[in-house]
Every structure is written in C-alpha cells, then in structure tokens.
Amino acid sequence: MVQGIDFGPDHKVRLPARFNVAVPFIDRHLGEGRGTKVAIRTAQETVTYAQLAERVNRTGNALLALGLKPRDRLLMVVKDCPAFFHLFWGAIKAGIVPVPPNTLLRAPDYAYMIDDSGCGLVVYSSEFAGEIEPALRQLADKAPRALTVDSFLAEMATAAPSLAPHLADPGDDCFWLYSSGSTGRPKGAVHAQRDMVVTSELYGVRVLGVTESDVCYSAAKLFFAYGLGNGMTFPLWVGGTAVLDERRPTPDATFETIETFQPTIFYGVPTLYAAQLAALDAKPRRFPSLRACVSAGEALPADMFRRWKDKTGTVILDGIGSTEALHIFIGNRLDDFRAGTSGKPVPGYEVKIVDEAGKPVAKGESGRLWIRAESTAKYYWNKPEKTAETMVEGWLNTGDTYRQDEDGYFIYEGRSDDMLKVGGIWCSPVEIEGCLIGHPAVLEAAVVGHADSDSLIKPKAIVVLKQAGEASATLTDELMVLCKKTLAPYKYPRWVEYVPELPKTATGKIQRFKLRA
Ligand code: 3UK
C-alpha cells in the first residue's frame, strides 16, 4: 500500500488531510525505484516513470505560464497518446482541473463544453482541428486560448522540470468528465482528488488484482471513465505499464496491438468483442499473454462470453460502471463470475435495488439501482437540478433497472430512461430524432434501441414522412448519411422504418417504449 494512504476494513480510504493525487500516481514511483521502468508504451515511443514525472512537471509549469491558475479548467481533446497523461497529471499537480471530453463529438458539442466549463485553455490533437476550430470560431470573443498538442509540446519543452504539488483536500474538485443525458446538454460530473485512488484500489487491485507486472491495454479510449481507469490510473497506481493505441479500435488494430505489446489485461466493450469474434471465425488466434479480459459500457450477452472463452481460452469479466461512479461498481471476478450477469458489488460499494417509492425490493425482484461509494462525483457543474435528482444523501441514482439472481449475481434489465448505449457510448434518442427531422421529407421521428445479430443494441429510427409515398431505399440511405455527418458517427440509425403515425401520450410525448418491440 502507498505510504500515507490506507483503506480500513470497511474499504473506506484514509488520506492525508492535505495532498495532491499526482504524487501517489506519478512521483511516488521514483522514490520506489521505478524511474527506469516503462510507464507507457505506444507504437511510436516508450516513456519511463522518470520521463513521465519530469514531463508532468514541465506540463504543469507550462500551463501556469500560459496563465492558468489553480481551479481553472483545461479542456483537453486529446487522442490516446503520452501527451494525454502529461496534460491530465500536469494540470492536477498544478491544481488545474483537466476535463477530457469524448473525442468523437462534433463542433456544436465542443462549443457547448468550452462555454459551459468556462475553461481557460483548450488543448487538442490536430486530428480534431476540424471540429474544435469551428467550435472556437462559433464562440467568437468568448473563446478561450487554444493550442494543438504539438504546439503545447513546444511550450512544455522549455518549461522548468520541477514543480511543487499544489496541496488540496481529498474532497476538493480534481477533474471532470462530461456525461450525456436523454434530453438537455451533457453534464460535467465533477470528481474529487480521492476518487481515482478509490477506483484503482477497490476495483483495480481488489477485484482485478492488478500488480506492477501487469501490462494494461484498453481499447476503450482514455476520455471514457472506463478507459481512464483501465489504461491510465490502474497501471499508474501499481507501477505497471500502460499500452496506448491512438487508432480506431478495429479487430485488426486491436489484435496487432495485443500481439506486439503482449498485454496481460485487455479491456473492451461488447461491440468490439462482437467484431473481434467475427474476425476470429475467419482467422483463429489465441492471446497467451492475457490473464484477463474486461467488458463494460453495456451488457455483455452470455453467448458472447461463451464464444470468446471457446475461441481464446480467456474469460471476459463483465462489470457495470458509470462516469458518475468513475469506474466499475458491480463486477465479475476471475474466481467468481457468471455469464450474462454484471457480477457482484465491488468491495466498498454499497448497492440497493429499490421500487418507485425508494423502498428496497425483495431479493429477486427488479427495481432501480442506487449505489453509494467514495468515488462518486460530487455534483454536476452548473446543473443543480440534475445534481439533486441523481445524487441524494450520498447515494447515486444509476438510472438502471436491475435484479439479483438466487446466488446474488446482478442482472441488468435495461435503463429507466430512453437512453441507448451504442458501442458502450451514450446516445440520446432525442438528439438523433432532432437530426432526422432536419431532413425535408421527414415530419416526425422516434429512435429506439434494437438488437442486432449479436444481441447488441443499436439505434433504429421510426419515421413519419410528410408524404408517405416518398419512402424508398434511397431516402433511407440519405437519412443515415445525414446522421453520420451531423452527429458523432456511431449515433446513426442502423435501420429505418416508415410508419403513418407515432404513438404519443395525451400531452404529445412520444411513447418510445411502445416502439421498442
Ligand atoms: C450502462 C452497463 C449493462 C449503464 C463506464 C465502466 O459505461 C460507463 O459509463 P457511462 O457513464 O455509462 C453508464 C451506464 O452505462 N452500462 C455500463 N456498463 C454496463 N449496462 N452492463 C454493463 N456492464 O446504463 C450505466 O448506468 O458512459 C463503464 C467503467 C466506467 C464507466 N464510466
């Protein structure tokens, strides 16, 4: 265990009254003799713990020199590469609050986040200039200063190599992650200094058993709370190695990365495992370096668990986590798992399944899942009503419906709202409907989840046309292209069905549940 930090028998963390979380995650490794150990490996470069610590310091100094002050926000739209680590931890060490959003979004989403966060600086990988630069132009004189990662690296190279940590309380604001809802704009979930310590120890170490000899490779990107833990905080917490790959996680790219870097733990989402399974049908492979595979983001169908085990010999540990909880709070373990379930609560995470009145249901009955733990977000930035709805007396409303089987495994039964998970990433039906209505032939649209051949949910559009006779395969293509171009590409509807009218409530609200068949 880390000096000055320990966990009680109740799994509650004890931290120094004043500290900075960059010290145990980054600087500690130098004192523990890991200076020459590899912290990050990519196809382009290798970064040791000593190099990482120095670059984190230079980054913190460069951010301060650019005029940022403690508590200011840094919006970092950065691909999976070492600079993500440098910016994230450099900011934290200097007391600045990093905010890494989804890198697949569009200019209007970024314009909103830049404005909502009131960030003092935007740093972005040049690959995302096509969305970030229009967002900045749209904000005109409200736009903060912005730099590409490459120009930031030039600032960093000339900044001083040592930096005293900005001391904070374990409960002080540390970093934010944006999360989307079914209506309204994304919400910035504000996480405290202690939260990464809690997830890394309780899930990383106590459930996955991550150690210094592990090499962690997350196909889920670092901007996702799931990827942030998998591919950054877990290996850094134990002094292990992170493998980063900036490419889109296709079966070919992920197999190549596994074969080149020989990770011991692989983290994916069900949509990727489905594509990998299809590729393994065509060309079988085994992955002898892997001691565990992990899945989260959406439920992993039991059949995929079995097929993966048959083909690769490894189990996939499904677990449910959220941006607000920071990482997995109910999960399967290597010595205790059941296919088709999310597993059992992670130590230190209290969970309850309640009815509409908030009363716990009898074991085996379904209800809404609430959790309580020390890693949950403190509040949503600028959204007091959403905060009050979701975070109640220390409990977090997950928005999910669950039941427990006779042996205590938790079974996912769907969302309590209309939100969809597509490839593990949030997708709001309302947003896709808004895009479809932008097409001149469309009168109304409803979007619901529909299972594909792997039993994974993808968006399906049910459309009412202004003139019913216009329905055609060409129009369907046009609607798909419109959504792919306007929205983050994973949000486009994979099927379009034309109907004469939509089911609605007396107040005119679309009854999506009636369309979900
Ligand atoms: C759904 C799951 C069934 C569920 C996440 C691991 O997904 C993550 O965070 P998000 O905020 O979404 C949270 C919501 O996604 N979900 C996630 N995992 C599962 N549903 N089975 C699962 N295994 O609706 C949950 O409320 O994007 C996952 C770690 C950190 C994360 N942020």
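These legends walk through several close-up views of a predicted model.

Residues are numbered from 1 along each chain as its sequence is written, and side-chain values use heavy atoms, leaving out hydrogens and water. Because the model is predicted, local features need pLDDT of at least 70 and side-chain atom pairs count only at pLDDT 80 or more, while totals for chains, interfaces and linings use all residues.

Let's start with sulfur: the structure has 0 disulfides, a disulfide being a pair of cysteine sulfur atoms within 2.5 Å. For C119, the closest cysteine sulfur belongs to C174 and lies 17 Å away, too far for a bond. C216 is in no disulfide either, with the sulfur of C293 as its nearest, at 12 Å. C119 counts as buried at 7% relative accessibility, and C216 counts as buried at 0%. Here buried means under 20% relative accessible area, exposed means over 50%, and partly exposed is in between (1.4 Å probe, protein chains only).

**View B. The tryptophan pair W176 and W381.**
The structure holds 18 aromatic pairs. Rings of Phe, Tyr and Trp (its six-membered ring) pair if their centres lie within 6.5 Å; planes under 30 degrees apart are stacked, over 60 edge-to-face, and the rest tilted. W176 and W381 make a tilted pair, with 4.6 Å centre to centre and 35° between the planes. W176 sits in strand β9 (residues 173-179) and W381 in the loop between β20 (379-380) and α12 (384-390), so this pair links parts of the chain 205 residues apart. Helices (H or I, at least four residues) and strands (E, at least two) are DSSP runs, numbered from the N terminus. Both W176 and W381 are buried.

**View C. The tyrosine pair Y226 and Y267.**
How are these two rings arranged? The pair of Y226 and Y267 is edge-to-face, because the planes stand at 85° with the centres 6.4 Å apart. Y226 belongs to helix α8 (residues 225-238) and Y267 to strand β13 (residues 265-268), so the pair ties together parts 41 residues apart in sequence. Y226 is buried at 5% relative accessibility, and Y267 is buried at 0%.

**View D. A ring cluster and two charges over rings.**
F25, F84, F88, W89, F175 and W237 are linked into a cluster by ring pairs. The charged end of R28 sits over the ring of W237, 5.4 Å from its centre. Elsewhere, the charged end of K352 sits over the ring of W395, at 4.1 Å from its centre. A charge sits over a ring if NZ of Lys or CZ of Arg is within 6 Å of the ring centre and within 35 degrees of the ring normal.

T314 is found in the loop between α11 (302-312) and β15 (316-321) and is buried, with a relative accessible area of 7%. Leaving aside neighbours within four places in sequence, T314 is in contact (heavy atoms within 4.5 Å) with residues including C293 and W308.

**View F. Residues around the ligand.**
Which residues are closest to the ligand? Of the 22 residues that surround the ligand, the closest are D318, G319, T323, D400 and K421, where being near means a heavy atom within 4 Å. A polar side-chain atom of K421 lies 2.9 Å from an oxygen atom of the ligand. On the backbone side, a polar atom of G297 is 2.9 Å from a nitrogen atom of the ligand.

Conventions
A polar contact is a pair of N or O atoms within 3.5 Å; within protein, one must be able to donate a hydrogen and the other to accept it, and residues adjacent in sequence count only if both atoms are side-chain atoms.
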